[in-house]
Amino acid sequence: MSRREAAWILASALAVRLSFFAAIAAWNHPAGFFPPDARGYWAIAGNLLRHGVWSQSETPPLVPDPDRTPLYPLLLCAARAAGFAPWGAVLAQISLSCAACLLAARLAGRLGAGRGGARAAGLLVALDIPSAAAANLLLTETAFSAILLLAAFAWRRARDAAEDPARRRESLRAAAAAGGILGLATLCRPIALFLPLVAAAGLLAKPRPDRSGTREGTPGARRILPACALAAAAFLVILPWPLVQAARFGRPFFSAAGAHTLLLGRAAGIVAVRDGVPLDKARAGLAREAAETFPGDARADPAGFHFHKKRMAT
């Protein structure tokens, strides 16, 4: 891909994303940058700066938060420490989203799409309306997508290098990089928690034969070592966060957000259908039941309360 093509991709991405930014700035600033979850991330960043407390509370008491994983709030904390207002943080996020378009193009080329395919991939991401809209919201999606693209690029490099005995060290380095980046993706969004295992399994899989059918699979040891390097790197990046949670809440866990989703999302939908009531009413009833049946103080033990909700939902 030439510099001119890269410039067209960047210009297209920037134009679409800045159109959303201008609309929000003109008609709904700053509330338009803050869908419901965004206020929690922004509050954690502010509380961490002012009080050194990991909390979504906007007023005292600052209740420790067991839900949010650290990467995105820490990025917002850095932005706030640098003096960025919400619109400034969004502009930085737009820059990251534009860079992700180039990453998508390079990854497509790496996967064999050719120059035209790489250009098309970059333009598709650049002109993708949901991606452009997400870049203007203070949510994890933009950072998570960019991190996954980086991880995929490193993973492919590890996979290719593993097939060449002369590139063994390169394969190990690339696999470790992919694992570390996937660890960061997990710290951004817990949904990626098991993705390093999938990526490691992908390194273990035998290469597909070429068109002549004569290509031999990589010997097992050369596949096993990169897979272990990837898994180990991801584990080392992820591990500190459960230890931090254990220090704050008395038990190691990654995030309690899943319990809230399980109870008020999945379980509430089932209850609404079963009882023939609106979804909001089912959610309110389950939330009330969770509060009434929890044996402790939900504000003093938020992690315990969340695990109580998970047991209710299951």
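The stops that follow begin with the overall chain and then turn to one helix and the nonpolar cores.

This is a predicted model, in which local features need pLDDT of at least 70 and side-chain atom pairs count only at pLDDT 80 or more, while totals for chains, interfaces and linings use all residues. Residues are numbered from 1 along each chain as its sequence is written, and side-chain values use heavy atoms, with hydrogens and water left out.

**Whole chain**

Helices here are DSSP runs of H or I with at least four residues, strands are runs of E with at least two, and both are numbered from the N terminus. Along the principal axes, the C-alpha atoms fill a box of roughly 65 × 50 × 45 Å. Of the 314 residues, 41% are buried, that is, under 20% relative accessible area with a 1.4 Å probe, counting protein chains only. Among contacts with a separation of 6 or more, 68% join residues 24 or more positions apart; a contact means heavy atoms within 4.5 Å.

Now display the charged side chains. There are 36 positive and 19 negative ones, with Lys and Arg counted as positive, Asp and Glu as negative, and His and the chain ends not counted.

**Helix 2**

Next, select residues 36–51, which form helix 2. This helix reaches 23 Å from its first C-alpha to its last, close to the 22 Å expected at 1.5 Å a residue, where the expected span is 1.5 Å times one less than the number of residues. Its buried residues include Y41, W42 and I44. Just after helix 2, G52 takes a positive phi of about 70°.

**The nonpolar cores**

A nonpolar core is a set of buried Ala, Val, Leu, Ile, Met, Phe, Trp, Tyr and Cys residues joined through side-chain atoms within 4.5 Å. Select F33, L76, L138 and L230, the residues with the most contacts inside the largest core, which has 50 residues. Among the elements giving two or more residues to this core are helix 1 (3–27), helix 7 (141–162) and helix 10 (220–238). Helix 8 gives the most, with eight residues.

Which residues touch L138, leaving aside its neighbours within four places in sequence? They include F33, W42, L76 and Q93.

Finally, select A267, A268, A272 and F305, which are part of a second, separate core of 11 residues.

Note on methods. Charge placed at Lys NZ, Arg CZ, Asp CG, Glu CD.
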